[in-house]
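Please read these notes with the model open beside you.

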Amino acid sequence: MPAPLKQTARRTLLVTSATLASLALTTPVSLAAPTPTPTPSAPVPGSPSASASASASASASTSPTATPPAKMSSLGGTRLGQTGTQVQLAAGAPVLPKDVTARSWIVADAQSGEVLAAHNAHWRLPPASTMKMLFADTLLPKFPGTTQYKVEPKDLDGLGAGSSLVGIKEGEAYSVHDLWLGVFLRSGNDAVHVLSSMNGGVAETVRQMNEHAEELQALDTTVVSPDGYDAPHQVSSAYDLTLIARSGLQKKDFREYCSTLTAKFPGATTKNKKGRTVRETFEIQNTNRLLTGDYDIDQYPGIAGVKNGNTTNAGATFTGVAERAGRVLLVTVMNPEKDDHNEVYKETAALFDWGFQAAGKVTPVGELVPPKGAAQASAQPGANAGEGGEAGGVGNVSEKPVAGAVAENGSGGIGIAMAITGGVLVLLAGAAFLVNRRWPLPDLVRRRR
């Protein structure tokens, strides 16, 4: 059998088994993880359906020291539902790095969706600010970047103690573009709350995020607070965060925000010495250390985002995307046991290095499933590659390289890199009823020193 047919057959069997396993897991709803209950600080009218919760049958874990449940969702492949490290090395494949201590991680090909290796991939853990990827993927299409909004005191209600803030001031006006820079670069919970207010409030935003997670088949995810601040029953998984990042990266503005290193952010409105009203600005820098580098870690070659997080319950979390020699990988790392400075980035870099060396030398242990809408649309007669991501409801998909990347607003020293253009490949599996779509990752903005 020719190699391409073998690969297609392997993926067909993989996705079929994953689908059957997922359907089986949705049956015992009474054993499902508890759905979130409303709290004064984070009402949850938009909890996922019973089937979504049931797909990750173990109770939601809120303790960073908990052990993985014996039974997890097997969406994407039966091996992804097993505890421990899952990898299938072929001849000449490098061994996995031995110093990875994260409780959960995954390495996946962003274009084909193949999972090269994983460790407790479906373990439901607190996500911290990586939840903002889902927030952005849900809300980015709703407001043009030029929209101006004047902040009211009620917009900043409910911010958790010790929240990361970008420095939004009551009574000042901000553009939506500025607010998203605050979300992505400084992980500003204040910016998240202002955008949520524009979207009808925190409760409505949470409802929409849970609905979008279910559409993406991120069924381990339960949103309680849109900013990822620790809250009872708020969980996601390395598998889900990778799905969410893959969806967000279909959007041009998502790619540009998550790859921006520095920007000027509006400050207070004051009067200068001449009595003229002026708006001060201050510089904000991306807190993703694989983008910016730090004293103990270099900027990762080919890095293009996406989002980091850190809270008491979640520990350090990170999802990153990087490109090398035309291959684009996604890596998610959740809560390393080792507490060294920048440990989550060091472990991510090690897994990226392994993934780029191992690509083509390992048998995938699973797959990133497409959104419900994408699979359904692809199965319709006449579906073709040109339909892109719109079928999945992700919108703002660019299938051509971006002529120019987002500017660094005077940051200096780090130029704008080239774009990545990816294609769309539709693989029909079985009797044309099951579709595995290779999503495009066009014009990813890369930054290099």
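1. Start with the hairpin. E2 and E3 form it, with four residues between them. In the turn, Gly 113 has a positive phi of about 85 degrees. Strands (E, at least two residues) and helices (H or I, at least four) are DSSP runs, numbered from the N terminus.

2. A word on the basis. This is a predicted model, where local features need pLDDT of at least 70, side-chain atom pairs count only at pLDDT 80 or more, and totals for chains, interfaces and linings use all residues. Residues are numbered from 1 along each chain as its sequence is written, and side-chain values use heavy atoms, leaving out hydrogens and water.

3. Strand E2 (residues 102–109) pairs with E3 in the antiparallel sense over four bridges. Strands pair if DSSP finds at least two bridges between them. Trp 105 has His 119 in E3 as its bridge partner.

4. Strand E1 (residues 85–86) runs antiparallel to E3, joined by two bridges. Here Thr 85 stands opposite His 119. Two bridges also join E3 to antiparallel strand E11 (residues 366–367). Glu 114 faces Glu 367 there.

5. Is E3 enclosed or open? Six of the six residues of E3 (residues 114–119) are buried, so the strand is largely enclosed by the rest of the structure. Buried means under 20% relative accessible area, exposed over 50%, and partly exposed in between (1.4 Å probe, protein chains only).

6. Check two loop residues. Ala 325, between strands E9 and E10, has a positive phi of about 55 degrees although it is not a glycine. Ala 325 is exposed, at 81% relative accessibility. Asn 342 also has a positive phi, near 60 degrees, but is buried at 11%.

7. Finally, a cis peptide bond joins Gly 305 and Val 306, with omega about 20 degrees. Val 306 lies in strand E8 (residues 303–311).
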